[in-house]
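Please look through the sequence and the model shown here before reading on. The briefing that follows is arranged by topic for a reader who is new to both.

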Amino acid sequence: MTSTSSETRPFRIADLGTLVVMAWSGEAPDGDMPYLLAYSLGDGEGGPEASAVAVGQLLANTGLPVGGDIVDGSTRPSLPVSLLVQAGSAVVTMPQLNAQCIPPAEWLTAVAERGFAYLVFTTRPWPEAQPGRPIEPEALAAFAGAEETLTAAAHVILPARSLR
């Protein structure tokens, strides 16, 4: 008789590896939609598999279901995930981490019009998309739109806040 351990590994921030947040906007029937894609490069201490598990643990600890329904942050004021848009930057804040990116002008326009961004935070590593290196729109569309990426992700509507 064999058994598997149901013991879960403790969350270790080092297992996440390098986290990246990328902003882009896409056409939607009612105007441009501002998207944020968050992913790990898979370069954590345990490699891509450990990074995927760590991202999954981070999302679970934050109350974000992977592969589940869209979480609407505007109806959950206690959600421990927020988006600050200020001085041309977008900052996603979660327990234990902050991630910042400089979005394109069309994203800033779309988020100003809508008042929110759609965050896709995937457990699927994307080592090819490293910060500072250009990413072709086709590569972004292929990764962000892939079923493996979307089903391994938490989907969140994040209200955009700014400093007053």
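A residue is called buried when its relative accessible area is under 20%, exposed when it is over 50%, and partly exposed in between, with a 1.4 Å probe and protein chains only. This is a predicted model, in which local features need pLDDT of at least 70 and side-chain atom pairs count only at pLDDT 80 or more, while totals for chains, interfaces and linings use all residues. Residues are numbered from 1 along each chain as its sequence is written, and side-chain values use heavy atoms, with hydrogens and water left out.

**Salt bridges**

- Under the rule that a side-chain nitrogen of Lys or Arg must lie within 4 Å of a carboxyl oxygen of Asp or Glu, the model has 2 salt bridges.
- One of them joins the side chains of Asp 30 and Arg 114, with an N to O distance of 2.7 Å; because Asp 30 lies in the loop between strand 1 (19-26) and strand 2 while Arg 114 belongs to helix 2, this pair ties together parts that are 84 residues apart in sequence.
- Asp 30 has a relative accessible area of 58% and is therefore exposed.
- Another salt bridge links Arg 124 with Glu 148 at 3.8 Å, N to O; Arg 124 sits in the loop between strand 7 (116-122) and helix 3 (137-144) and Glu 148 in helix 4 (residues 147-151), so the pair ties together parts 24 residues apart in sequence.
- Arg 124 counts as partly exposed because its relative accessibility is 27%, and Glu 148, at 48%, also counts as partly exposed.

**Negative charge on the surface**

- Glu 27, Asp 32, Glu 106 and Glu 113 gather in a surface patch of negative charge, where a patch takes residues with over 30% relative accessible area and no salt bridge, and joins like charges within 9 Å and nonpolar side chains (Val, Leu, Ile, Met, Phe, Trp, Tyr) within 5 Å.
- Glu 113 is placed in helix 2 (residues 105-114), and its relative accessibility of 63% is why it counts as exposed.

**Around Ser 40**

- Ser 40 is found in strand 2 (residues 33-40), where strands (E, at least two residues) and helices (H or I, at least four) are DSSP runs numbered from the N terminus.
- With a relative accessibility of 1%, Ser 40 counts as buried.
- The side chain of Ser 40 reaches the backbone oxygen of Leu 16 at 2.5 Å and the backbone nitrogen of Gly 42 at 2.9 Å.

Definitions and conventions. Accessible areas come from the Shrake-Rupley method with a 1.4 Å probe; for residues, only the protein chains shown count as cover. Lys and Arg count as positive and Asp and Glu as negative; His and the chain ends are not counted. The place of a charge is taken as NZ of Lys, CZ of Arg, CG of Asp or CD of Glu. A polar contact is a pair of N or O atoms within 3.5 Å; within protein, one must be able to donate a hydrogen and the other to accept it, and residues adjacent in sequence count only if both atoms are side-chain atoms.
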